[in-house]
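Please read this briefing alongside the sequence and the model.

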Amino acid sequence: MDMITIKKEDNSELAEESEEGSSCKLHICDKCGKEFSSLCKLKSHAVTHTQEKPYVCTDCGKQFCQATSLKVHSLTHTGEKLHICDTCGKSFTTRGNLKMHLFTHTKDKSHVCSKCGKAFSHPMSLKAHVQSHSEHKSYICKVCGEDFITNDSFKVHMQKHNGQKPYECTLCGKGFSHALSLKSHAFTHSGEKPHVCKICGRGFVTRGNLKTHSLTHTGEKPFLCSLCGKEFRHSLSLKAHLLAHAGEKPYVCEVCGREFLIHGHLKTHMLTHTGEKPYLCSVCGKGFIKNGDLKRHSSVHTRDKPYMCSVCGKGFGQKSQLEPHMLKHTGQKAHVCEVCGKSYTGSQALRRHSLIHTQEQHS
């Protein structure tokens, strides 16, 4: 371990500070300048600057610099959450996480970003946000070129490339590169959607999905394209949009060479090659590549027809069925054959027509 520099202040100054009632932090880390009230705490902190990780989890083998970090990690295996919010009853594994959560109940957002004007209730949230404006991103992926501010986020990203998936679902055996991904996946088995929209009652598996959904009610689109001014609700949508300006499609299918703007779209596309259909209907057992396809299929069993035609009142189980129906009322034929120019109201009618040209080519 590196030598620790301990800086002590003058006794007279210390006496003055004591009289004023301020807390004295005498032990300063010579690596990062962080102050500590005791030598013991400084020594414990110093280990974080070394590669030493002497504390090992007996359940999964993960290693930690500090005993307290291991203690907090152990709670992820037991599911124990001792720190409970008095306002909403939500529980947390650490006191620090609870303290951060408490700021969500206050409307005071006095910490404002000087770059974009976005306001935050906690200084740490602002600090993390400010880094997103920084051009200095030390951790760059050599495989895809994506850059990261922190080493932790870079490590998680690299697991995607090397195929490492240490977090395994005990119900279906599916592996994940991140603990949060496994946690979200677990809800697909239970059907639980713990994050509920207070306005419309719709449930979501993750808090992030709920947060993005909430913007549909407020109409807020906080992510602005600097090139064309188009606004987006989600940072990933803006990122994909910027790639469209650049003409870039960085995610390429190794099987057929098809290119994609978003990694998630490539991931879904890969299922067409493997034949995997992870989303199963609980009624008939039919499998689907996308969760959205399963949702649309479910209306077949429920006979629910939530999509109503505003002209004739006819109901449809899927939005995709209502849209071509509406064209019958308007007379619009949006689906045009690229070979002969003939137009149709529905995509299926166009597909049937296209077979004529395909047969002509083979004859």
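In which helix is the place of Phe154? Phe154 has its place in helix H6, which covers residues 151-162; helices here are DSSP runs of H or I with at least four residues, strands are DSSP runs of E with at least two, and both are numbered from the N terminus. This is a predicted model, in which local features need pLDDT of at least 70 and side-chain atom pairs count only at pLDDT 80 or more, whereas totals for chains, interfaces and linings use all residues. Residues are numbered from 1 along each chain as its sequence is written, and side-chain values use heavy atoms, with hydrogens and water left out.

**Phe154 in its surroundings**

- Phe154 counts as buried because its relative accessibility is 18%, where buried means under 20% relative accessible area, exposed means over 50%, and partly exposed lies in between, with a 1.4 Å probe and protein chains only.
- Setting aside residues up to four places away in sequence, Phe154 touches Tyr139, Ile140, Cys141 and Phe148, a contact being heavy atoms within 4.5 Å.
- From C-alpha to C-alpha, Phe154 and Cys141 are 7.5 Å apart in space, although 13 residues separate them in sequence.

**The chain as a whole**

- The protein chain has 13 helices and 24 strands, and buried residues make up 22% of its 363 residues.
- Of the contacts between residues at least 6 apart in sequence, 6% join residues that are at least 24 apart.
- The accessible surface of the chain comes to about 26,000 Å², and 52% of it belongs to carbon and sulfur atoms; these areas come from the Shrake-Rupley method with a 1.4 Å probe, and for residues only the protein chains shown count as cover.

**Helix H10**

- Helix H10 (residues 263-274) has 12 residues and should span 16 Å at 1.5 Å a residue, which agrees with the 17 Å between its end C-alpha atoms; the expected span is 1.5 Å times one less than the number of residues.
- Leu266, His269 and Leu271 are the buried residues of H10, and they pack against strand E17 (251-252) and strand E18 (259-260).
- After H10 comes Gly275, whose phi is positive, near 80 degrees.

**The second largest pocket**

- The second largest pocket has a volume of about 340 Å³.
- The elements that give two or more residues to its lining are helix H12 (319-330) and helix H13 (347-362), and the largest share, six residues, comes from H12.

**Two further residues**

- His185 lies in helix H7 (residues 179-190) and is buried, with a relative accessible area of 13%.
- The residues that His185 touches, not counting those up to four places away in sequence, are Cys169, Cys172, Lys174 and Phe176.
- Val112 has its place in strand E7 (residues 111-112) and is partly exposed, because its relative accessible area is 45%.
- Leaving aside neighbours within four places in sequence, Val112 is in contact with Gly117, Lys118, Ala119 and Leu126.
- Val112 and Pro123 are 11 residues apart in sequence, and their C-alpha atoms are 9.0 Å apart in space.

Definitions and conventions:
On a 1 Å grid over the protein atoms alone, a cavity is a set of points where a 1.4 Å probe fits but cannot get out, and a pocket is an open set with protein on both sides within 12 Å along at least five of seven lines; lining residues have an atom within 4 Å of a point. Grid points are joined across faces, edges and corners, and a volume is the space filled by probe spheres set on the points.
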